[in-house]
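Let's walk through this model together, one question at a time. Have a look at the picture, then read on.

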Amino acid sequence: MSILDEVGKIAGAIITEQGVDKLDPDANLLEKAASVIAGYEAAKIAENKLEDQDENEQQASDDQS
């Protein structure tokens, strides 16, 4: 796990928190915390899916060679 992986997850958390601020300026701390956790986890899931897709494409190209 590299620093860039963590930066991407943190960016996802920040983006969701900012989104909650735009949608509900009066959101309480619990709502903001839930959005931060959801954003972090969503970025992690997206990253894993992209890595799996890259591995599958690489295996397919290796099989054709």
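## Two helices, question by question

Q: How many helices and strands make up the secondary structure of the chain in this predicted model?
A: Bear in mind that this is a predicted model. The secondary structure of the chain comes to two helices and zero strands.

Q: Is the chain more spread out or more compact than the globule rule gives for 65 residues?
A: For 65 residues the globule rule gives 11 Å, and the radius of gyration of the chain is 16 Å, well over that value. The C-alpha trace spans about 60 × 20 × 15 Å along its principal axes. The radius is well over the rule, so the chain is more spread out than a compact globule.

Q: What share of the residues of the chain count as buried, given the area the chain exposes?
A: The chain exposes about 5100 Å², with carbon and sulfur atoms supplying 60% of it. A residue needs under 20% relative accessible area to be called buried.

Q: What covers the buried residues of helix 1?
A: Helix 1 runs over residues 3–23 and reaches 30 Å from its first C-alpha to its last, close to the 30 Å expected. Its buried residues are Lys9, Gly12, Ala13, Glu17 and Val20. They cover an arc of only 125 degrees around the axis, which puts them on the same side of helix 1. The cover over these buried residues includes helix 2 (29–64).

Q: Which residues are exposed on the other side of helix 1?
A: Exposed means over 50% relative accessible area. On the other side of helix 1, the exposed residues are Ile3, Leu4, Ile15 and Lys22.

Q: How far apart are the end C-alpha atoms of helix 2?
A: Helix 2 has 36 residues, which should span 52 Å at 1.5 Å a residue. The computed separation of its end C-alpha atoms agrees with this, at 53 Å.

Q: Which residue caps the N-terminal end of helix 2?
A: Look for a side-chain oxygen that lies 3.2 Å from the backbone nitrogen of Leu30. That oxygen belongs to the cap of helix 2, Asn28.

Q: What do the buried residues of helix 2 pack against?
A: In helix 2, the buried residues are Ser35, Gly39, Ala43 and Glu47. These buried residues pack against helix 1.

Q: Is Ala34 buried, partly exposed or exposed?
A: Ala34 lies in helix 2, and its C-alpha atom is separated by 9.5 Å from that of Thr16, 18 residues apart along the chain. The relative accessible area of Ala34 is 44%. Values between 20% and 50% fall in the middle class, so Ala34 is partly exposed.

Q: How far apart are the C-alpha atoms of Ile10 and Ala34?
A: Ile10 is found in helix 1 and counts as partly exposed at 44% relative accessibility. Ile10 and Ala34 are 24 residues apart along the chain, and their C-alpha atoms are separated by 14 Å.

Note on methods:
Residues are numbered from 1 along each chain as its sequence is written. This is a predicted model: local features need pLDDT of at least 70, side-chain atom pairs count only at pLDDT 80 or more; totals for chains, interfaces and linings use all residues. Side-chain values use heavy atoms; hydrogens and water are left out. Helices (H or I, at least four residues) and strands (E, at least two) are DSSP runs, numbered from the N terminus. The expected span of a helix is 1.5 Å times one less than its number of residues. Buried means under 20% relative accessible area, exposed over 50%, partly exposed in between (1.4 Å probe, protein chains only). The arc is that of the directions from the helix axis to the C-beta atoms. Contact means heavy atoms within 4.5 Å. The radius of gyration is taken over C-alpha atoms; the globule rule is 2.2 Å times the number of residues to the power 0.38. Accessible areas come from the Shrake-Rupley method with a 1.4 Å probe; for residues, only the protein chains shown count as cover. A polar contact is a pair of N or O atoms within 3.5 Å; within protein, one must be able to donate a hydrogen and the other to accept it, and residues adjacent in sequence count only if both atoms are side-chain atoms.
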